[in-house]
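Visitor: I have not looked at this one before, and I would like someone to walk me through it slowly. Could we start with the strands and then go on to the side chains?

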Amino acid sequence: MSDDRETDTASEGSYQLSRHKKSPSSLTNLSSSSGMTSLSSVSGSVMSVYSGDFGNLEVRGSIQFAIDYVDSLKELHVFVAQCKDLAAADVKKQRSDPYVKTYLLPDKGKMGKKKTLVVKKTLNPVYNEILRYKIEKQILKTQKLNLSVWHRDTFKRNSFLGEVELDLETWDWDNKQNKQLKWYPLKRKTAPVALEAENRGEMKLALQYVPEPVPGKKLPTTGEVHIWVKECLDLPLLRGSHLSSFVKCTILPDTSRKSRQKTRAVGKTTNPVFNHTMVYDGFRPEDLTEACVELTVWDHYKLTNQFLGGLRIGFGTGKSYGTEVDWMDSTSEEVALWEKMVNSPNTWIEATLPLRMLLIAKISK
């Protein structure tokens with residue numbers, strides 16, 4: 001699988017992330033010593049922050065749209081007409097730069113998200129765009145259609161303006177009234193809660209910290225972190241009975257491509273066995289409190305990888321090298337595994353952890 005040709009879509013959870021440079025004082029010499037390329041220096045590396053902002057703006061106004069299933073094309077058509085009375089991201093000038101994004105939840109295909117063009121400087125944007133999904137009608141009846149409205153600023157950060165969700169299982173496709181344009185009031189965000197509650201399966205893994213002794217020297221020593229990805233259990237199926245899963249590992253704050261290692265893809269099972277060990281060296285004792293192991297599970301389909309779930313194993317302090325970061329968000333179970341590893345050098349510490357939704361850092365060049 002060539003990373004240059006693939007795209008990673010986090011399906012319904014692919015909130016966009018922006019990037020800005022930070023210069024942490026440490027973790028500059030991490031390298032991967034399992035035959036992979038060495039990590040680039042983190043001192044000039046890119047840190048990622050959320051730009052999908054769900055809380056800053058009020059939700060108001062409404063959206064006009066219609067949906068129809070075209071049997072001859074086997075396509076769902078979502079006709080997004082317009083919005084009115086949206087919240088103003090620019091309060092001073094009373095305007096926003098809104099666009100509409102749609103998802104089918106849970107996404108059982110490689111369609112990912114669809115979105116309209118951005119209409120600038122208005123609270124009443126007109127789109128008149130058709131967003132198309134190639135999907136069998138029977139599968140469509142197991143989905144929910146989520147339409148959300150977002151403001152996109154000059155720096156390509158997104159602010160949430162409201163959403164509407166339709167349950168397609170109970171939708172009457174034969175009713176002609178249902179094919180007419182209708183106004184729907186925008187509501188506050190509900191999707192992340194529903195997604196978080198979804199069962200995304202588990203990962204069985206073991207971690208080990210191997211300090212590197214330097215006899216007779218008082219200089220700071222570095223060591224290795226070994227990550228043994230054993231298997232995953234009960235992974236969700238996104239596209240019928242097909243699944244070809246693999247695991248990626250990144251040591252944050254380094255989001256460069258060179259920092260990433262991955263397992264092979266294992267197909268045709270929701271309980272893939274990987275038995276793959278990844279080794280990262282260059283860890284000083286103090287780096288263990290600042291870094292975080294991000295493990296993500298993906299379904300490989302043609303040239304697209306769909307996000308299934310992930311873990312972030314670290315101390316979960318919310319900070320890294322003195323900077324507040326969103327990815328230091330380990331759960332209590334993830335923190336417990338990391339603590340045991342740090343406190344028991346040269347010992348494999350095993351755990352089975354539930355996979356969860358993550359907002360994933362974009363890979364820097």
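**A walk through the model**

Guide: Strand β7 (residues 75-84) is largely enclosed by the rest of the structure, because seven of its 10 residues are buried. Buried here means under 20% relative accessible area, exposed means over 50%, and partly exposed is what lies in between, with a 1.4 Å probe and protein chains only. Strands (E, at least two residues) and helices (H or I, at least four) are DSSP runs, numbered from the N terminus. This is a predicted model, in which local features need pLDDT of at least 70 and side-chain atom pairs count only at pLDDT 80 or more, while totals for chains, interfaces and linings use all residues. Residues are numbered from 1 along each chain as its sequence is written, and side-chain values use heavy atoms, with hydrogens and water left out.

Visitor: In which sense do β6 and β7 pair, parallel or antiparallel?

Guide: β6 and β7 pair in the antiparallel sense, over nine bridges, where two strands count as paired if DSSP finds at least two bridges between them. Ser-62 stands opposite Lys-84 in β7. The hairpin of β6 and β7 has four residues between the strands, and Lys-74 there takes a positive phi near 55°.

Visitor: And what about β7 and β10, over how many bridges do they pair?

Guide: β7 and strand β10 (residues 126-134) pair over seven bridges, again in the antiparallel sense. Within that pairing, Val-78 has Leu-131 of β10 as its bridge partner.

Visitor: Let's change topic to charges. How many salt bridges does the count come to?

Guide: The count comes to 13 salt bridges, taking a salt bridge as a side-chain nitrogen of Lys or Arg within 4 Å of a carboxyl oxygen of Asp or Glu. One of them joins Asp-68 to Lys-179, with the closest N and O atoms 3.7 Å apart. That pair links distant parts of the chain, since Asp-68 is in strand β6 (residues 62-70) and Lys-179 is in the loop between β12 (158-167) and β13 (182-185), 111 residues apart.

Visitor: Why does Asp-68 count as partly exposed?

Guide: Asp-68 counts as partly exposed because its relative accessibility is 25%, and Lys-179, at 38%, counts as partly exposed too.

Visitor: Which residue does Asp-287 meet in a salt bridge?

Guide: The side chain of Asp-287 meets that of Arg-284, at 3.6 Å from N to O. Asp-287 counts as buried, at 1% relative accessibility, whereas Arg-284 is partly exposed at 25%.

Visitor: And what joins Asp-329 to Arg-356?

Guide: Asp-329 forms a salt bridge with Arg-356, and their closest N and O atoms are 3.3 Å apart. This pair links distant parts of the chain, with Asp-329 in the loop between β23 (323-324) and α3 (332-343) and Arg-356 in the segment after β24 (349-354), 27 residues apart. Salt bridges that share partners join Glu-294, Arg-312, Asp-329, Glu-334 and Arg-356 into one network.

Visitor: Now the nonpolar side. Which residues touch the most other members of the largest nonpolar core?

Guide: In that core of 34 residues, they are Met-203, Leu-205, Ile-227, Leu-295 and Ile-313. A nonpolar core is a set of buried Ala, Val, Leu, Ile, Met, Phe, Trp, Tyr and Cys residues joined through side-chain atoms within 4.5 Å. The elements that give two or more residues to this core include β14 (202-211), β15 (223-233), α3 and β24. A second, separate core of 33 residues includes Val-80, Val-149, Trp-171 and Trp-173.

Visitor: How many disulfides does a search of the whole structure find?

Guide: The search finds zero disulfides, a disulfide being a pair of cysteine sulfur atoms within 2.5 Å. For Cys-249, the nearest cysteine sulfur is that of Cys-292, 9.6 Å away. Cys-249 counts as buried at 0% relative accessibility, and Cys-292 is likewise buried at 0%.
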